[in-house]
Amino acid sequence: MNRTDRLVSMVMLLQSRRVITAAQLADHFEITERTVYRDLAALGEGGVPIVGEPGVGYSLMSGYCLPPVMFSPEEAFAFVTGGLLVERMTDASMRDAIRSAMGKVTAVLPPGLQGRVDRLRKTMVIGGRSPTKGSVPLSTVQRAMAEGCVLRLNYLGAARGEPTERLVEPRGLVFYLDHWHLIAWCRLRGDMRDFRVDRIVNCETLPEPIPPHPDFNLNQHIAKCMLPERSEFAVIEVPDRLIEIVRRFWGPTIIEEEATGNQVRVRFAFRPDGFDYVARWLLSMGTDAEILSPDVLRTKVTELALATAEHHQPKKSSRVKTPLT
């Protein structure tokens, strides 16, 4: 990003935040804090009313905002792609909003670019399975999180017949394994919990604000969940044509990949109680996957394969046949 684009983006970022520190600006634009100070000085000389408060951060003077800006073709195309992803990976509560936003964006584009955007939208398809629809719209959970307050949930766990009431402190909203998940501190359990959004029966925002947690990092938390401290490890070898299947299934739990000719050796982690789960997945790979370690996993796959073969053997009839006369 050149400096002119960065200065415009910096004003837009200041416009979207009540206050932001120099360190946050430096991290966002991947520049040094010294460069941030130079950019802020340049904006001030250009007439942008930036207010700085020692120990707090920077903000725009109340009432100031940038005039409407035009979208570049790349920005318009990115917006179309994002809109298609929202339609596929969210629910109806957000699809209507993204379609409305797309209409507003398209309306301000030059006629020539409007035609290109419309052509792109008609020639792009986002595949994959859409998330399961739940009782509470995804936009309701997002809006509740944006308030920065404690939530009261009625949550129906996978192994429960009745929903339980939970008071939770939201920390993040994550999409993985075809579902949206609310990551929050559960006061009932006294620990971090993962709530699948489609299992939330009811969601209410309470007036109590969430206590600050500056030491919490959502990405680190997700990585820790995917790779717990107590993990088992497996090493398998698959044809290189199937490596994408392995990557899609095991994702962040993959520790190492090594290509050996037309084969790829993969080392991945799984929970100590997940041997049966891994064995069933490996069985679905048929003879394309070779288990190099551990031996106990190879034994489980063998036992499961034999049990499966026996289960599907033709059943002998126990009925006594009456001889024909």
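Is Glu-237 buried or exposed? Let's start there. This is a predicted model, by the way, so keep that in mind as you look at the side chains.

Okay, Glu-237. Its relative accessible area comes out at 11%, so we call Glu-237 buried, the cut-off being under 20%. Its partner is Arg-265: the two form a salt bridge, with the closest N and O atoms 3.1 Å apart. Now look at where they sit. Arg-265 is in strand 10, residues 263-270, while Glu-237 is in strand 8, residues 232-239. Arg-265 itself is partly exposed, at 35%.

Next pair, over in the helices. Asp-276 and Lys-300 make a salt bridge, closest N and O atoms 3.4 Å apart. Asp-276 belongs to helix 10, residues 275-284, and Lys-300 to helix 11, residues 295-311, so this bridge ties together parts 24 residues apart in sequence. Both ends are partly exposed: Asp-276 has 48% relative accessibility, and Lys-300 has 27%.

Stay on helix 11 for a moment. Arg-298 and Asp-295 also meet in a salt bridge there, 2.7 Å from N to O. They're three residues apart in that helix, so about one helical turn separates them. Arg-298 is partly exposed at 32%, whereas Asp-295, at 53%, counts as exposed.

Last thing, and then I'll stop. How many salt bridges does the structure hold? The count is 17. And some residues are joined up in a network of salt bridges: that's Glu-169, Arg-171, Arg-187 and Glu-208. Okay, over to you.

Note on methods: Residues are numbered from 1 along each chain as its sequence is written. This is a predicted model: local features need pLDDT of at least 70, side-chain atom pairs count only at pLDDT 80 or more; totals for chains, interfaces and linings use all residues. Side-chain values use heavy atoms; hydrogens and water are left out. A salt bridge is a side-chain nitrogen of Lys or Arg within 4 Å of a carboxyl oxygen of Asp or Glu. Helices (H or I, at least four residues) and strands (E, at least two) are DSSP runs, numbered from the N terminus. Buried means under 20% relative accessible area, exposed over 50%, partly exposed in between (1.4 Å probe, protein chains only).
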